[in-house]
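This report walks through a protein structure for a reader who has not seen it before. The sequence and the structure come first, and the description follows.

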Amino acid sequence: MSKILQDFDISTFQNDLVTWFSNHYRELPWRENKDPYRVWVSEIMLQQTRVDTVIPYYQAFMRQFPTLETLAYAEEDQVLKAWEGLGYYSRARNLQSAVREVVESYGGEVPSTRKEISKLKGVGPYTAGAILSIAYDQPEPAVDGNVMRVLSRVLYIEEDIAKVKTRTLFESLLYDLISKENPSFFNQGLMELGALVCTPTSPGCLLCPVRDHCRAFAAGVQEQLPIKAKKKKPKAKQLIAAVIRNEKGQVLIERRPEKGLLAKLWQFPNVELESTKNAQQVLGDYIHERFHLDATVGEYVQTVEHVFSHLIWNIRVYEATVKGVPSLNDKYEADWVDDRTIENYAFPVSHQKIIQGNLRKVDDTIGFTAEG
């Protein structure tokens, strides 16, 4: 056992945490049963995304893809459309790829060992531990940001949680800490504690069920932990986009490349702008070069700002028109769409805002979220 856990009352800590979670856990749709597929989908959605945002997406996703098989063999565009607005779209593509592998190579049974489940695309150490502990009641660690924050304070660990070696340290400690009788509630309890009580700022120590075990609280330094290196500020990128209408009132959209940021989603034609150049002239030249269209670029209509983890898009949007209904350059995947058919295409949030501002009112029952 690690020296860090010497003189730490593991048994009482486990009991206090599990008892608290069993009495206070939130009723969430993915907690209705322990189906490994449902747990898996929820854990992928919850990466980088708030619980309140995920709930309606999860419910809609599970209605559309209720089984491994329905997701495995769905059209990718359907999956991306169902994911639209959640962001980090590689999660959806990796999830579908991994689910297809489970159906084809594991007889439709989600693997129940860390060795096998970790081979699946998009399943890292945290997701593997979460599925194994929650769905299969295995004493496997699931270390995310909430868990590292809680344990940094409880065990008074002054290591940078942004470093891989620190995450490895927590995983090692959890093999000793985790409840062998109820690993599911133990791991979920740590996550819930970090989400609701042991928050990044102003932790609710007076309400904490494991306060008596918390070394940082005893030392009065709980708000100074965890240690985390500051990220670099995201770089700003100036873009200009065009809502190009033909004489039928349709607008031109194009698909993004198969790899890279927001891969394979749809967007309005756009290009980066150097500050010294005329935006309308640049857009006109870009549209002609890329699509072989002679467009008249008109008025500026909107600015959209979108913040990624590493990048800020500032998009100035202009109206543009073309004569007739010209055919499109086969070199790029593009299409003319109207207000009805545009519903079938998955757009990143920034371009959903362009739709909202220029084509129609978008149903706001599901909120916009940042993506990367």
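## Two packed helices

In this predicted model, helix H9, which covers residues 145–154, packs against helix H10, residues 164–177, at an angle of about 75°. The axes of H9 and H10 are 11 Å apart. H9 and H10 are therefore roughly perpendicular to each other.

On the H9 side, the contact is made by Val147, Met148, Leu151 and Ser152. H10 contributes Arg167, Phe170, Leu174 and Leu177. By type, the residues of this contact between H9 and H10 divide into 6 nonpolar, 1 polar and 1 charged.

## The nonpolar cores

In soluble globular proteins, nonpolar side chains tend to be buried together. Here the largest nonpolar core has 96 residues. Trp40, Phe61, Leu177 and Phe268 are the residues with the most contacts inside this core. Helix H8, residues 125–136, supplies the largest share of the core, with 7 residues.

Which residues does tryptophan 40 touch, leaving aside its neighbours within four places in sequence? Tryptophan 40 is in contact with Leu68, Leu95, Ala98, Val99, Val102, Val110, Leu120, Val123, Thr127 and Ile131.

## Valine 271

Alanine 241 is 30 residues away from valine 271 along the chain, and the C-alpha atoms of the two are separated by 6.6 Å. Apart from neighbours within four places in sequence, valine 271 is in contact with Gln238, Leu239, Ile240, Val282, Leu283 and Tyr286.

## Aromatic pairs

The count of aromatic pairs comes to 12. Phenylalanine 308 and tryptophan 313 form an edge-to-face pair, with 5.0 Å centre to centre and 75° between the planes. Phenylalanine 308 and tryptophan 313 are both buried.

Ring pairs also link Phe8, Phe13 and Phe186 into a cluster.

## Backbone features in loops

Two residues other than glycine have a positive phi and are described here. For tyrosine 156, phi is near 55°. Tyrosine 156 lies in the loop between H9 and H10, the two helices that pack against each other at about 75°. Is tyrosine 156 buried or partly exposed? With a relative accessible area of 32%, tyrosine 156 is partly exposed.

Leucine 262 is not a glycine either, and its phi is about 55°. Leucine 262 is found in the loop between strand E2, residues 251–255, and strand E3, residues 266–267. At 3% relative accessibility, leucine 262 counts as buried.

A cis peptide bond is another backbone feature, and it joins leucine 225 and proline 226 with omega at about 0°. Where is proline 226? Proline 226 lies in the loop between helix H12, residues 215–219, and strand E1, residues 235–245.

Notes. Residues are numbered from 1 along each chain as its sequence is written. This is a predicted model: local features need pLDDT of at least 70, side-chain atom pairs count only at pLDDT 80 or more; totals for chains, interfaces and linings use all residues. Side-chain values use heavy atoms; hydrogens and water are left out. A nonpolar core is a set of buried Ala, Val, Leu, Ile, Met, Phe, Trp, Tyr and Cys residues joined through side-chain atoms within 4.5 Å. Buried means under 20% relative accessible area, exposed over 50%, partly exposed in between (1.4 Å probe, protein chains only). Helices (H or I, at least four residues) and strands (E, at least two) are DSSP runs, numbered from the N terminus. Contact means heavy atoms within 4.5 Å. Axes are lines fitted to C-alpha atoms, for helices over the stretch in contact, and angles run from 0 to 180 degrees between N-to-C directions. Angles under 35 degrees count as roughly parallel, over 145 as roughly antiparallel, 65 to 115 as roughly perpendicular and the rest as oblique. Ala, Val, Leu, Ile, Met, Phe, Trp, Tyr, Cys and Pro count as nonpolar, Asp, Glu, Lys and Arg as charged, and the others, Gly among them, as polar. Rings of Phe, Tyr and Trp (its six-membered ring) pair if their centres lie within 6.5 Å; planes under 30 degrees apart count as stacked, over 60 as edge-to-face and the rest as tilted.
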